[in-house]
Amino acid sequence: MTFEALDWRRLDRLRALFLNGQFEGESYWRDATDLAQYDLTLGERIGWKWDAVLRELKLRGWSPPAGAELWDWGCGSGVAGRRVLGAWPESFSRLRLTDHSRLAMEYAADRAKAARPGLDVLAEARSETESNSYVLCVSHVWNELPAEAAAALRRVAAQAAAVLWVEPGIHSVARGLQAVREDLVTGAGHRMVAPCTHQAACGLLAAGNERHWCHHFADPPPEIFANSDWVRFGQRAGVDLRALPYAFLVTDRLREAARSSEPPDLQRVLGSPRVYKGFARVLFCGAAGVAELDVQQRSAPAIYKAWSKERGGDFYQVTPDPQRPDRAASVAAWPPT
Ligand SMILES: C[S@@+](CC[C@H](N)C(=O)[O-])C[C@H]1O[C@@H](n2cnc3c(N)ncnc32)[C@H](O)[C@@H]1O
């Protein structure tokens, strides 16, 4: 499938479905061409979010338990499973694909086998299993699921050896993932790997934080901005290629897993810093909770400059200002550059 072969009637139909968010329980994939068109465009954008998550996991020294099955639940064209397999090519014993669309499972299986000849691939509609030695990956399914399917997926997540779950970075869905986080950590004894820098309760659950949501922004590959296919796609689809907001969670049961050299007081930026003249207002999340703090330009000129260009990393060590609880006295990026 190439950009020349894009069929806009198909893409418009799919995009309208995703934007309207009204799923009748029937599968919307009508044939393999629907899946191929999605995979090349909308699916690839989802792949960029996975790239950001997988980069973060590597930065933070995480890897999946060796020899487990990788289970892509709600696989669609299979972009998430392929990205995870690509990040740890030797880790997984098998790829399991589940979707309520048989066409989707077949398409995803064919693509995975083409990418990794010899890979053991199991495609089956059964949405639950007795086993618990799998790594679950879930991508952009949450708002399509009726209550019963959502409950089944939560059980599958609770039983997993590790969970990697990426969704759009919108308030309602990110808040839904937060509820899943509580299930996994408090109910099923999972350990938070990411996005959190701590194992404490989610700070966004505290009263007063209802308007916030845990979301982040992925950078698409820079070369797409000089690629006429992608530029035309963005214009025709009305999609801002730069804005890739996502919400995610990664948990595991690897009690002894090394946590690289991450400092214990590490803070993560939620959303993006709001930059004003001379200071930036930033929502930081850490073990002590979530706090909106002003960071003065003079206290961190390089970081302020990066934020004002919509750059800057996710992690910081923050020294509070003892005189002004709404201010940071200093911030330092992690890992140090
Ligand atoms: C927006 S697509 C995302 C596909 C893929 N995970 C990705 O990130 O590109 C949502 C997928 O969830 C599947 N799905 C929806 N409801 C489902 C259910 N009840 N059980 C299994 N899969 C379901 C759809 O068929 C579709 O393939």
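# Briefing: helix packing, a barrel and a ligand shell

In this predicted model, Arg154, Ala157 and Ala158 of helix H6 are in contact with Val180, Asp183, Leu184 and Gly187 of helix H7. Sorted by class, the contact of H6 with H7 is made of 4 nonpolar, 1 polar and 2 charged residues.

**Helices H6 and H7**

- H6 covers residues 147-159 and H7 covers residues 171-187; their axes come within 10 Å and cross at roughly 40°.
- The crossing of H6 with H7 is right-handed.

**Helices H1 and H2**

- H1 (residues 8-20) packs against H2 (residues 32-40) at an angle of about 75°, and the two axes are 10 Å apart.
- Angles of 65 to 115 degrees count as roughly perpendicular, and H1 and H2 are therefore described as roughly perpendicular to each other.
- On the H1 side the contact involves Arg10, Leu11 and Leu14, and on the H2 side it involves Thr33, Asp34, Gln37 and Tyr38.
- The contact of H1 with H2 has 3 nonpolar, 2 polar and 2 charged residues.

**The barrel**

- A barrel is closed by 5 strands in the order S9-S10-S11-S13-S12, and their pairing is mixed.
- On average, neighbouring strands of this sheet are turned by 45° against each other, direction ignored.
- Helix H9 (residues 301-308) packs on the sheet and touches S9, S10 (279-286), S11 (289-296) and S13 (327-334).
- The direction of H9 makes about 80° with that of S9.
- S9 (residues 267-276) pairs with S12 (residues 315-320) in the antiparallel sense, over 2 bridges.
- Across from Phe315 in S12 stands Arg268.

**The ligand**

- There are 20 residues around the ligand, and those that come nearest are Gly74, Gly76, His100, Ser139 and Ala149.

**Backbone details**

- Most residues other than glycine have a negative phi, and most peptide bonds are trans.
- His140 has a positive phi of about 55° and is not a glycine.
- The place of His140 is the loop between strand S4 (134-139) and H6.
- Between Ala194 and Pro195 the peptide bond is cis, and its omega is near 10°.
- Pro195 belongs to the loop that runs between strand S6 (191-194) and strand S7 (216-217).
- Trp334 and Pro335 are also joined by a cis peptide bond, here with an omega of about -5°.
- Pro335 is in the segment after S13.

Key. Residues numbered from 1 in each chain as written. Predicted model: local features only at pLDDT ≥ 70, side-chain atom pairs only at ≥ 80, totals over all residues. Near = placed C-beta within 6 Å. Axes fitted to C-alpha atoms, helices over the stretch in contact; angles between N-to-C directions. Helix = DSSP H or I, 4+ residues; strand = E, 2+ residues; numbered from the N terminus. Left-handed = near helix turned anticlockwise from the far one by under 90°. Contact = placed C-beta atoms within 7 Å. Nonpolar A, V, L, I, M, F, W, Y, C, P; charged D, E, K, R; others polar. Pairing = 2+ DSSP bridges. Parallel < 35°, antiparallel > 145°, perpendicular 65-115°, else oblique.
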